[in-house]
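Colleague: I am new to this structure and would like to go through it with you. Could you put it up, please?

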Amino acid sequence: MERVRIFPLSGLDTSTRLRLKAAQREAARVWMYCVERHHAARLAHAPWPGRQELQEETKGGQYALHSQSIQMITHQFLANVETIAKLRQTDTRHRYPYHPKTYLTVEWPTQAVSRQGNTLLLPMGRGRKSLRFHLNGLPDQFGAVSLVWNGGYELHLVVSSPDSIPPDMPASPEQATVDLGEIHLAAVTTTTGKGLIVTGREIRSLKRQHTMTLREIQKKLSHCTKGSRRYRRLCYALERCKGQAKRQIRDLRHKATRQVVNFCQQEDVQTVFIGNPDGVRKKDSGRHHNQRMARWEYGKDKDYLQQKCQQAHMTSFTGSERGTSSTCPACDRRKKPRGRIYACRHCGFVGHRDIVGSMNMHSLAFGSRISYPPSLTYRRPGPARVRWRDEHPLPVARTGTS
Ligand SMILES: [Zn+2]
């Protein structure tokens with residue numbers, strides 16, 4: 001199985017940062033050459049440039065990059081063209097690459113990369129100094145490397161981990177369902193009679209905090225002359241801020257989904273059903289609710305869960321979760337819950353709303369019913385975050401009366 005290890009490059013000196021910037025600009029130049037060449041061929045009804053032509057035309061030291069990095073860009077371009085050509089057979093609104101790029105991710109294939117101890121060497125073409133990065137925890141075996149801008153430079157290393165052989169155990173019949181949500185990132189129930197709730201409030205609060213910081217910067221930006229030194233500094237701060245929030249949220253998302261998979265492993269679950277909330281998301285339910293839904297990235301949760309299930313040798317599949325959150329698991333009457341508690345007027349059933357959703361999925365996905373779990377486990381994705389102010393309370397002001 002292939003994974004990507006991400007190394008953030010923090011604390012770069014100015015000259016290195018400028019070199020990385022120049023490399024990405026150079027990569028974009030190669031891309032733009034391909035775009036223009038392809039466009040010209042299309043206009044002239046001439047044969048489109050293929051792999052051979054593009055490689056031939058971009059080599060010879062015109063670009064300050066390693067020859068194989070240039071090749072990778074041309075290959076990526078041709079792959080894009082191929083995909084678009086396929087898509088255009090059904091819908092001609094898809095456009096061939098046209099958008100002007102200033103920067104592009106630079107990639108090095110496996111055979112171009114080398115190492116000296118913990119130092120990674122990335123060649124920049126004949127006659128130019130290689131880029132050198134001292135990375136702690138550089139894996140023993142790795143493949144292609146890419147230089148990515150993600151609100152700060154990052155190196156993405158492809159690491160292939162050997163597929164662990166599935167343990168030779170009799171297949172367990174236990175099943176679990178996962179109900180994805182925004183406030184509770186995941187609610188899990190298993191046929192072993194256990195329930196887990198992983199909260200997503202932390203992610204939501206991070207997003208909110210992030211939006212407020214962005215607003216502050218935007219407000220300052222609006223008073224600046226475009227292109228001035230202060231303007232550029234604020235733009236940089238904006239990017240850095242975005243990058244930080246993205247990384248924090250990604251980290252929490254991985255930790256939350258890890259909790260779910262670990263719980264399933266503990267319960268010896270073999271099959272996992274992940275409810276697909278597409279229906280909830282696509283429904284138009286007013287401005288405020290729509291925005292809340294748009295900020296909710298359940299697709300990533302689904303992806304991460306599926307990947308982690310695969311690693312743990314569990315089968316996972318998704319399907320519609322229609323009606324699961326509004327049906328009473330005891331008497332099958334329907335009622336939309338308000339708030340976090342589901343209470344049925346007809347039979348008196350009371351339970352956690354998301355757990356109810358997850359319970360009802362069992363009958364949808366596996367055709368079986370389970371009873372309400374006697375005890376629920378609550379987890380948060382990461383360690384509790386303590387605010388600096390809580391740890392350093394303000395001294396209590398003394399009043400004159402004593
Ligand atoms: Zn009921």
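Colleague: Is His-45 buried or exposed?

Modeller: His-45 counts as exposed, because its relative accessibility is 74%. Buried means under 20% relative accessible area, exposed over 50%, and partly exposed in between, with a 1.4 Å probe and protein chains only.

Colleague: Where does His-45 lie?

Modeller: His-45 is in the loop between H1 and helix H2 (51-58). Its phi is near 50°, a positive value in a residue other than glycine. This is a predicted model, in which local features need pLDDT of at least 70 and side-chain atom pairs count only at pLDDT 80 or more, while totals for chains, interfaces and linings use all residues. Residues are numbered from 1 along each chain as its sequence is written, and side-chain values use heavy atoms, with hydrogens and water left out.

Colleague: And what is phi of Asp-268 near?

Modeller: Phi of Asp-268 is near 60°, again positive in a residue other than glycine. Asp-268 sits in the loop between H5 and strand S11 (271-276). With a relative accessible area of 42%, Asp-268 is partly exposed.

Colleague: How many helices and strands does the protein chain have?

Modeller: The chain has ten helices and 15 strands. These are DSSP runs numbered from the N terminus, with helices (H or I) of at least four residues and strands (E) of at least two.

Colleague: Turning to charge, which residues gather in the patch of positive charge on the surface?

Modeller: The patch consists of Arg-17, Lys-21, Arg-25, Arg-229, Arg-232 and Arg-233. Patch residues have over 30% relative accessible area and no salt bridge, and like charges are joined within 9 Å. A salt bridge is a side-chain nitrogen of Lys or Arg within 4 Å of a carboxyl oxygen of Asp or Glu.

Colleague: What about Lys-302, buried or exposed?

Modeller: Lys-302 is buried, with a relative accessible area of 15%. Lys-302 lies in helix H8 (residues 298-311). Leaving aside residues up to four places away in sequence, Lys-302 touches Leu-180, Ile-274, Asn-276 and Thr-318, where contact means heavy atoms within 4.5 Å.

Colleague: What share of the protein chain is buried?

Modeller: Buried residues make up 39% of the 402 residues.

Notes:
Patch = residues over 30% accessible without salt bridge, like charges linked within 9 Å, V, L, I, M, F, W, Y side chains within 5 Å. Areas by Shrake-Rupley, 256 points an atom, 1.4 Å probe, with all protein chains shown as cover. Lys, Arg positive; Asp, Glu negative; His and termini not counted. Charge placed at Lys NZ, Arg CZ, Asp CG, Glu CD.
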